[in-house]
Amino acid sequence: MAQPNRLQDVEEIAYPAPPWKMGGQLWMGMFKTDIPVELPDGLKHLGDPHSLIVVLVRYLEGTLRYDELAFGTLTRLGPHIGIYVDYIWVTNLASVWGGRRIWGLPKNLAEFQWDNSTVSVSDEQGTIAT
């Protein structure tokens, strides 16, 4: 996997106001990594620190239409449980800026090449996932 370019510089554009209502297809799995997933200070792993959640979404209808790939891990912050999203790529610039400004997600642009039931995701640094 190419090293992701964290919060690459892309032109800031307007994005739709929340709530975003969308529908589409989602694939998700949990995978084991060779090294533990790093977390920011204050967050604790919920379960195995070598577990990585991978989410692939095709938003096909609604407020915006775009593809999305996200990597995260189950975490705890005090009594709160959630998913820490470390890397996330999308095909839509409005989604980049809505995700960054509304939810604080580290979204970046990527290209998604679909071939029937498979996809290859890449950014300016190369292939992210296939």
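Mentor: Let us begin with burial: buried means under 20% relative accessible area, exposed means over 50%, and partly exposed is in between, using a 1.4 Å probe and protein chains only. Please keep in mind that this is a predicted model, where local features need pLDDT of at least 70 and side-chain atom pairs count only at pLDDT 80 or more, while totals for chains, interfaces and linings use all residues. Residues are numbered from 1 along each chain as its sequence is written, and side-chain values use heavy atoms, with hydrogens and water left out.

Trainee: Then why is Asn92 called buried?

Mentor: Asn92 has a relative accessible area of 16%. The limit is under 20%, so Asn92 counts as buried.

Trainee: Where does Asn92 lie?

Mentor: Asn92 is in the loop between E5 and helix H1 (93-103). Helices (H or I, at least four residues) and strands (E, at least two) are DSSP runs, numbered from the N terminus. Not counting residues up to four places away in sequence, Asn92 touches Leu64, Arg65, Tyr66 and Leu109; contact means heavy atoms within 4.5 Å.

Trainee: What makes Asn92 a cap for H1?

Mentor: A side-chain oxygen of Asn92 lies 2.8 Å from the backbone nitrogen of Ala94, at the N-terminal end of H1. A polar contact is a pair of N or O atoms within 3.5 Å; within protein, one must be able to donate a hydrogen and the other to accept it, and residues adjacent in sequence count only if both atoms are side-chain atoms.

Trainee: Which residues of H1 are buried, and what do they pack against?

Mentor: In H1, Ala94, Ser95, Val96, Trp97, Gly98, Gly99 and Arg100 are buried. The buried residues of H1 pack against E4, E5 and strand E6 (107-109). Just after H1, Gly104 has a positive phi of about 70°.

Trainee: Is Lys107 buried or exposed, and why?

Mentor: Lys107, which lies in strand E6, counts as buried because its relative accessibility is 3%. The side chains of Lys107 and Ser95 are joined by a polar contact of 2.8 Å.

Trainee: How do you know that a charge sits over the ring of Trp97?

Mentor: The test asks for NZ of Lys or CZ of Arg within 6 Å of the ring centre and within 35 degrees of the ring normal. The charged end of Arg100 sits over the ring of Trp97, 4.6 Å from its centre.

Trainee: How many aromatic pairs are there?

Mentor: The structure holds 5 aromatic pairs. Rings of Phe, Tyr and Trp (its six-membered ring) pair if their centres lie within 6.5 Å; planes under 30 degrees apart count as stacked, over 60 as edge-to-face and the rest as tilted.

Trainee: Why is the pair of Trp27 and Trp114 called tilted?

Mentor: Their ring centres are 5.9 Å apart, with 40° between the planes. Trp27 is partly exposed at 40%, and Trp114 is partly exposed at 24%.

Trainee: What makes the pair of Phe71 and Trp89 edge-to-face?

Mentor: Their planes are 75° apart, with 5.3 Å from centre to centre, and over 60 degrees counts as edge-to-face. Phe71 lies in strand E4 (residues 66-77) and Trp89 in strand E5 (residues 80-90), so the pair ties together parts that are 18 residues apart in sequence. Phe71 and Trp89 are buried, and ring pairs link Phe71, Tyr87 and Trp89 into a cluster.

Trainee: Why does Val55 count as buried?

Mentor: Its relative accessibility is 19%, and the limit is under 20%, so Val55 counts as buried. Val55 lies in strand E3 (residues 51-62), and its contacts beyond four places in sequence include Leu26, Trp27 and Glu68.

Trainee: How do you know that E7 and E8 pair?

Mentor: Two strands pair if DSSP finds at least two bridges between them. Here 5 bridges join E7 to strand E8 (residues 118-123), and the two run antiparallel. Among the bridge partners are Phe112 with Val121 and Gln113 with Ser120.

Trainee: And what makes E7 an edge strand?

Mentor: The open sheet has the order E7-E8-E9. E7 and strand E9 (126-129) each have a single partner strand, so one side of each is left without a neighbour in the sheet.
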